[in-house]
Amino acid sequence: METERLFGYSDTVNELLARYGVKFGIYKNNVFKEQLFPFDMIPRVIEKQEFAFLEKGLKQRVLALNEFIKDIYGDKKIVRDGIVPEEFIYAGSGYLAQCEGVMPPKGIYSHISGIDLVQGKDKQWYILEDNLRIPSGASYPMIARELCRRSTPITFEKNAIEDNRNYAKLLRRTMDHVNTGGHTVILSPGRYNAAYFEHSYLAEKTGAHLVTGSELVVENDHLYFIDYSGKKEPVGAVYRRISDEYLDPMNFNEESVIGIPHIYDIYRKGNVALLNAPGNGVADDKGIYYFVPKMIQYYLGEEAVLQNAPTYLPYYKEDMDYVLEHFDSLVLKDVAEAGGYGIVFGNKLTREEKEHFLALLKEQPRRFIAQEVIDFLDIDIYENGEVTPRKADLRAFVLMADEPMVWKSGLTRFSRNPDSFIVNSSQGGGFKDTWVMAE
Amino acid sequence: MRTLQFQYHMQLTFDFPACDHHFTLRCRPFHDIRQRILEERVEIYPKHYSSEEVDSYGNKCIYGIARTEHDHFSVDVTGEAQVCAENYLPALPAHRIGMYRYQTALTKAGLGLESFYRDLRKNASANVVEHVKDLMDGLYGKFQYEPGVTGVNTTAEEAFCRGSGVCQDYAHILLALCRLERIPCRYIAGMLMGEGATHAWIEVSDGKSWIPMDPTHNRMVDDTYIAISRGRDARDCTINQGVFTGGGSQKQEIRVVVNDK
């Protein structure tokens with residue numbers, strides 16, 4: 001593998017990324033701050049065979065998750081058959097009663113899924129979490145690859161790497177597959193959103209219109225895009241990058257000013273496709289994560305190819321006993337929190353903190369999951385002229401058109417500090433390109 | 001069986017013209033085995049476009065837009081209903097009823113309701129309906145009717161802790177108590193014989209049917225009640241919901257008249 005040539009371009013590529021606006025917005029103490037998303041030149045490399053294995057497991061997982069969402073907003077067979085307890089559905093934050101009995105075009109709920117994985121020191125891959133709402137991040141390795149190719153074309157001639165610039169094509173195919181007739185738009189909350197760069201970049205690459213809520217209007221049970229001249233053009237698919245609660249003030253949060261009134265009503269009638277479907281949060285709850293291998297078995301009749309990190313559900317008595325006994329070696333996660341928050345390492349607590357936490361756990365067992373701490377495989381980054389190890393994860397993107405498709409690349413994120421296990425980009429840290437080898 | 005004539009009148013008055021007024025109205029009384037709608041007229045003014053749909057709770061919604069500037073927005077629903085209080089609506093199948101067993105943001109019980117519930121629980125009856133009647137009775141003895149002290153966003157816990165409120169609060173608190181033991185129950189918005197505002201009560205499922213009960217009056221619902229909308233809580237049942245541009249401050253006037261024919 002030849003990657004050394006890339007090192008010399010680290011500053012150039014990062015400067016260009018900054019100029020293109022590749023930034024990540026974060027809220028810290030309620031203040032919105034935009035920060036650069038540092039790019040590391042050393043790619044994560046995944047061999048062809050290894051990726052083929054991941055691909056198989058990812059397709060299987062997303063197919064099962066999609067079946068699960070369809071089932072939950074329909075007949076709920078998996079609850080009736082006792083595989084998933086009812087309260088993990090209704091008492092979770094992701095379930096939306098408004099979605100009961102609503103079938104999206106072609107029965108697809110999770111069009112774009114971002115599945116986070118980590119690799120242990122034993123080379124074993126584990127699923128960390130499923131992101132089925134509006135997972136972001138595909139644009140970062142796309143543009144980084146573009147800039148790296150421009151910097152040192154020879155590196156990409158010498159190495160047989162799968163070209164990741166086809167993401168736009170996969171996304172377009174995904175949007176076209178469910179389009180109910182009309183234009184395709186990418187709906188953004190606007191330029192102050194954390195992922196605005198991504199919204200504009202994906203619009204440019206897929207040829208979709210980049211719009212905000214005020215440019216879309218519902219009339220006669222159809223959705224229209226109002227163009228620059230005031231003309232109304234029908235819209236058949238909306239890749240919306242705003243969350244369910246802000247999507248439609250008439251059906252979700254009434255206070256929303258970035259949504260489109262009545263878009264959900266016409267979606268219910270099948271007159272427009274929304275990507276991803278509202279209500280998907282019911283399947284990417286940390287509590288539901290525990291059940292995904294069981295879902296794969298239940299809906300597909302197959303064993304899960306990819307494993308979850310070993311997870312315990314204190315809701316079940318035997319799991320609670322295990323958690324209490326092995327508390328110091330486990331990591332506990334609050335199912336209601338995201339973005340690397342609400343995570344507690346058993347061995348990092350003081351005595352009082354531990355007592356306080358255990359009381360909370362016993363009182364609200366459904367609120368937490370416990371996991372074995374995975375010994376991550378470190379990967380190298382190039383920092384200040386030196387190669388040094390960091391913890392990293394991989395967000396793989398799975399797109400669902402007439403069949404599930406796994407993008408042969410992905411977003412590799414690494415922790416900011418050498419000793420941190422949390423690699424979520426909303427807590428700092430940087431990213432890498434992910435090379436999937438073609439040979 | 002009883003035949004009732006009803007009039008529902010709602011008017012929003014803006015002190016500054018409103019436009020691009022999107023509305024969703026859950027204002028059409030149910031036509032089912034409990035109440036047969038013999039005659040119905042719905043008038044919405046102003047209105048530039050409207051359409052209909054049935055939501056996840058079974059409400060017949062009218063949604064649309066009043067685009068141009070207007071100082072008033074009014075909804076009038078008038079008609080005749082034949083009510084047969086002995087006909088209970090059939091319970092829902094397991095996969096449709098689950099959502100009615102769990103608390104929502106408005107019904108979520110806190111420390112106050114939980115401790116009240118523990119006291120009431122001591123003399124629990126085995127029969128679901130009898131049991132909820134006991135809960136309702138306990139609530140009636142504890143909670144005062146007082147208009148103007150609670151609002152549309154007041155939760156069951158907040159209302160309970162202050163000790164008084166209106167029909168919406170009575171309904172939310174009773175729903176919260178039922179859901180503490182996972183009894184499926186739902187909020188009903190509707191009209192009551194006489195002249196006044198809209199009313200709210202609840203329905204409890206005993207496994208076979210939905211049994212309506214009125215916690216504000218501490219009684220079973222009879223043939224003087226007409227149901228308009230239903231859901232997990234008051235928010236799901238909003239009869240008139242809207243967003244608009246402009247408008248300044250607004251005043252809402254609601255008048256309901258129900259008489260024997």
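A:Gly236 is buried, with a relative accessible area of 0% (buried means under 20%, exposed over 50%, partly exposed in between, with a 1.4 Å probe and protein chains only). The model is predicted: local features need pLDDT of at least 70, side-chain atom pairs count only at pLDDT 80 or more, and totals for chains, interfaces and linings use all residues. Residues are numbered from 1 along each chain as its sequence is written, chains are lettered from A and ligands numbered from 1 in the order in which they are written, and side-chain values use heavy atoms, with hydrogens and water left out.

**Exercise 1.** Is B:His22 buried or exposed, and which residues is B:His22 in contact with?

*Solution.* B:His22 belongs to strand E1 of chain B, residues 2-25. The residue is buried, because its relative accessible area is 11%. With neighbours within four places in sequence set aside, the contacts in chain A are A:Met250, A:Pro261 and A:His262. Those in chain B are B:Gly64, B:Ile65, B:Gln241, B:Gly242 and B:Val243.

**Exercise 2.** Describe the interface of domain 1 and domain 2 of chain B.

*Solution.* First take the bounds: domain 1 covers 2-83 + 240-260 and domain 2 covers 89-237 (bounds from an automatic or database domain assignment). Their centres, taken over C-alpha atoms, are 24 Å apart. Domain 1 of chain B gives 27 residues to the contact and domain 2 of chain B gives 28.

Then take the area. The two domains of chain B bury about 2,300 Å² between them, 60% of it on carbon and sulfur atoms (accessible area, 1.4 Å probe, lost by two parts on being put together and summed over both). On the side of domain 1, B:Arg34, B:Tyr57 and B:Val256 lose the most area, together 30% of what that side buries.

Last, count the salt bridges: there is 1 between these domains (a side-chain nitrogen of Lys or Arg within 4 Å of a carboxyl oxygen of Asp or Glu). B:Arg2 forms a salt bridge with B:Asp223, with the closest N and O atoms 3.3 Å apart.

Terms used. Helix = DSSP H or I, 4+ residues; strand = E, 2+ residues; numbered from the N terminus. Contact = heavy atoms within 4.5 Å.
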